[in-house]
Amino acid sequence: GNGEHEKSEVVEYRLQVVAWAVGLQYLTNLSENVDIDVLVVNGSNDNFVRLKTKEAQMELRSNLPLTPRTKCVIVSGGTHNYFASYSAPEQFMESNGIPGVSRNQQHARVCSETLQFLFSR
């Protein structure tokens with residue numbers, strides 16, 4: 001070499017967690033963790049997760065880190081099985097919920113929110 005040292009840029013990476021169709025019963029309390037950012041996306045018509053009331057939504061949010069990028073998103077009309085691409089067996093239709101949007105509309109919103117969360121700074 002010529003004796004010059006390149007200055008390396010320090011890039012800070014934060015752990016990012018994305019959870020779709022998840023309620024309090026499946027979520028560890030992460031409120032004390034300041035090292036991660038969390039995105040939770042749920043559907044308003046999901047009877048499995050049951051976040052229909054503001055109280056339930058606030059309780060879920062209180063279990064997440066208080067970091068500026070952490071957020072909860074409710075897809076209006078979204079159901080449980082529309083987070084995936086399967087047809088629910090008849091016995092699960094009640095807990096999946098009645099869709100208020102098409103599967104494609106829900107997928108587009110969920111993917112948009114997720115990509116924005118993961119790739120914006």
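This is a predicted model: local features need pLDDT of at least 70, side-chain atom pairs count only at pLDDT 80 or more; totals for chains, interfaces and linings use all residues.
R50 has a positive phi of about 55 degrees, although it is not a glycine. Most residues other than glycine have a negative phi.

A21 also carries a positive phi, near 55 degrees, and is likewise a residue other than glycine. A21 belongs to the loop between β1 and β2. Its relative accessibility is 14%, so A21 counts as buried, the limit for that class being under 20%.

## N33 in the loop between β1 and β2

N33 is found in the loop between β1 and β2. With a relative accessible area of 29%, N33 is partly exposed. Its side chain reaches the backbone nitrogen of D35 at 2.8 Å.

Once neighbours within four places in sequence are set aside, N33 is in contact with P65 and T67. A84 stands 51 residues from N33 along the chain, and the C-alpha atoms of N33 and A84 are separated by 29 Å.

## N96 in helix α2

Helix α2 spans residues 93-96, and N96 is placed within it. N96 counts as buried because its relative accessibility is 3%. The side chain of N96 reaches the backbone nitrogen of N81, at 3.3 Å.

## Helix α3 and its two faces

Helix α3 runs over residues 103-119 and has 17 residues. From its first C-alpha to its last, α3 reaches 24 Å, which is close to the 24 Å expected at 1.5 Å a residue. The buried residues of this helix are Q106, V110, E113, T114 and F117. They cover an arc of only 95 degrees around the axis, and therefore they lie on the same side of α3.

What covers these buried residues? Strands β1 (15-20), β2 (36-43) and β3 (71-75) are included in the cover over the buried residues of α3. On the face turned away from the buried side, α3 carries the exposed residues N104 and F119.

## Salt bridges around D37

How many salt bridges does a search of the whole structure find? The search finds four. One of the salt bridges joins D37 to R14, and the closest N and O atoms of this pair are 3.0 Å apart. Because D37 lies in strand β2 and R14 in the segment before β1, the pair ties together parts that are 23 residues apart in sequence. D37 is buried, with a relative accessible area of 2%, whereas R14 counts as partly exposed at 31% relative accessibility.

D37 also meets the side chain of R69 in a salt bridge, at 3.7 Å from N to O. This pair links distant parts of the chain, since R69 lies in the loop between α1 and β3 and D37 in strand β2, 32 residues apart. R69 is partly exposed, with a relative accessible area of 22%.

K71 lies in strand β3 and E113 in helix α3, so the pair ties together parts that are 42 residues apart in sequence. K71 is partly exposed, with a relative accessible area of 31%. E113, at 11% relative accessibility, counts as buried. Salt bridges that share partners also join R14, D37 and R69 into one network.

Strand β3, in which K71 lies, is included in what covers the buried residues of α3.

Conventions: Residues are numbered from 1 along each chain as its sequence is written. Side-chain values use heavy atoms; hydrogens and water are left out. Helices (H or I, at least four residues) and strands (E, at least two) are DSSP runs, numbered from the N terminus. Buried means under 20% relative accessible area, exposed over 50%, partly exposed in between (1.4 Å probe, protein chains only). A polar contact is a pair of N or O atoms within 3.5 Å; within protein, one must be able to donate a hydrogen and the other to accept it, and residues adjacent in sequence count only if both atoms are side-chain atoms. The expected span of a helix is 1.5 Å times one less than its number of residues. The arc is that of the directions from the helix axis to the C-beta atoms. Contact means heavy atoms within 4.5 Å.
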